[in-house]
Amino acid sequence: MRLTAAAAVATLLATTAAIAGPAAPIPPLHQYGGLMISPRGDRLAAIESSGGRGGHAAITLRSATDGHVLRTLDPCTACSYAGLAFAPNGDLVFLSRDRTAGTVSLQLATDKAIRTLATIPGIAQTPRVSPDGRRVALLVTLGAAKESGATQAGARQVGEIGEKSDEQRLAVFDIAATVPAAAVTPVSPAGRYVYEYDWTPDSRGFVATTALGNGDNNWWVATLDAIDAATGAVRPIAKPATQLNQPRVSPDGKTVAYIGGLMSDFGSVGGDVFTVPFAGGKPRNLTAGAKSTVTTIAWTQGGLRTVSLAGDAVELASLTPGAAPVVGFSRPVSTAAGDGRAVFSADGRVAAAVVQDFEHAPAIYTGPLAAIRQLTHDNDAAGSLVAARSISWSSEGHSVQGWLLAPRQPATASAGAKAPMIVSVHGGPAAASTPSYVTAGSSTAAMLEGGYYLFLPNPRGSYGQGEAFTAANRRDFGGGDLRDILAGVDAAERVAPIDDARLGLAGCSYGGFMAMWANTQTNRFKAIVAGAGLSNWVSYYGTNGIDQWMLPYFGKSMYDDMKAYEDASAIYQAGKAKTPTFIYVGERDIEVPPTQSIEWWHALKDRGVPVSLVIYPDAGHCVTAPDQAADVRKRSLAWFDTYVKNAK
């Protein structure tokens, strides 16, 4: 479950900010999305926006040497862009989405012109040009009933209910075609959902992660397969014991690498690096025992490249089987680029990423691994409103890390006064809170300026400390991880003037579960905000749209081991809950149906605990539409100010 990682933290923080006066007008940040690097490592492409374009984003091509803009591509001012990918010759393919028409166009930009290769009636993502430069592959969902992914608002469950769902399939288009494809005919077979893929070096097929049946639900049991680009025939390569992400084929075509580990959400990537023969065989773990979590891999002509989260730092490294990774970049930042957290040139010598932390706004960084430098300076004038520090503590033999945020200029207070603090628990649980720039005028800044400290713990179950740490909350949801969080609150109080009598707790998704569960385990918090939380794992198992995610954690289905699910359910211990709680959820949440929030609201109401529940119409997981998120924020602020800031 998610929201997860940096994006989740940003959204969660927006719902836990404190009320402050209106901020002075400020210039918007320059944003960089979908960053990609050319095969030669000499050019970068990104989807960029700033205030000067009224919020509309265009594709910008830049020199990777000095960052100057070479070209701007904006063929459809009514469209949004995604899926940037370079061809071997340096041409660029990308997707233009026209939401009004309900179509996505696959486009090719050469040095001379932009032309459309195909128009997809539905949605599409992840274009990749074949190694021979002749074709483009694309994941397509024809006539999509919803956006891709379980976090998106689901189609209404009316009429006869069954396993029918959108199918995401591979389609292939000829670059040399002089007119757009008249029709879209997927090459991968019907009934099989394709999550991720990579071309084989001979351009004759793909390696892919796929599953039969409902795409939202079955990623957790996806297999690693080979797909023939001509016939669509599927050949199994491996059925890993873990979840898997980012399949990548070696340059000689003999081996496949992937990230494998205990992952609670598609898109929240973390684990070890595994390799397996392309012909099939037993996967081999190249990073077993590492005290870090790999989040991105690329198999370049120069070998494997990785991005990892190690404690509070992001590391970019080269990896040779049988040897320890050679780390070239290590900083306490977050990185994002393309479909991962960094991108690499074809020979692996040059890397690029969008880098930010709590105090520094996003910028593109690039260069050799050992000499990555800041390339763009559009946001250099953005100031820092927060003082952020990474803190570590020990908890039951585990080394745990978290982030403590304080206003750079605290509100006026008498000498020796202590401040209230909100603890924000990330989703997942397989994820991590990582640095995200705090913008002037944002809700997070308002909360800090309003006098709240903010604590973002990464307890057991999180990424960043190795696979054993990520798996340490198996069959122990709300046990050791909650104790880690409470120990982290103690650690924060040792280094900052925090009032232990004025603590609040917030979270969405798995963080929402922790917020509900903590109400039955401790009275330390004066107020709770629980978004899309789980109150009853027993009823949740039978009503959610992603039940497969629980099996790696609980070991058995609810029907085979009901007590394990009961033991982690707040609803069975509702008599111990005393903390005032604001609950919110989306009406069409696939991952955590609103019935979970209704159960908890009813339990607290029945026990006389102050409680408020809002179900947002048509919303998906964690309520992200701007107008609805603003309402969540307003209600959350009022709740914390009433019960935390003004606690007696």
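Cysteine 76 and cysteine 79 are joined by a disulfide, with an S to S distance of 2.0 Å. The model is predicted. The torsion about this S-S bond is about 60°, so the disulfide of cysteine 76 and cysteine 79 is right-handed. Cysteine 79 has a relative accessible area of 7%. Buried means under 20%, so cysteine 79 counts as buried.

The torsion about the S-S bond of cysteine 508 and cysteine 622 is -120°, and the link is left-handed. Cysteine 508 sits in strand E32 (residues 498-508), while cysteine 622 sits in the loop between strand E35 (611-616) and helix H10 (626-645), so the pair ties together parts 114 residues apart in sequence. Both cysteine 508 and cysteine 622 are buried.

The count comes to two disulfides. With the bonded cysteines of the protein chain numbered in sequence order, the pairing reads 1-2, 3-4.

## Helix H4

Helix H4 covers residues 480-495, which makes 16 residues. At 1.5 Å a residue the helix should span 22 Å, and its end C-alpha atoms lie 23 Å apart, so the two values agree.

Buried residues of H4 include Gly480, Asp481, Leu482 and Asp484. Ile485, Leu486, Ala487, Gly488 and Val489 are also buried, as are Ala491 and Ala492. The buried residues of H4 pack against strands E28 (386-395), E29 (398-407), E30 (419-425) and E31 (453-458). They also pack against E32 and helix H5 (510-518). Strand E32 is also where cysteine 508 lies.

Definitions and conventions. Residues numbered from 1 in each chain as written. Predicted model: local features only at pLDDT ≥ 70, side-chain atom pairs only at ≥ 80, totals over all residues. Heavy atoms only, no water. Disulfide = S-S within 2.5 Å. Buried < 20%, exposed > 50% of the residue type's maximum accessible area, 1.4 Å probe, protein only. Helix = DSSP H or I, 4+ residues; strand = E, 2+ residues; numbered from the N terminus. Expected span 1.5 Å × (residues − 1). Contact = heavy atoms within 4.5 Å.
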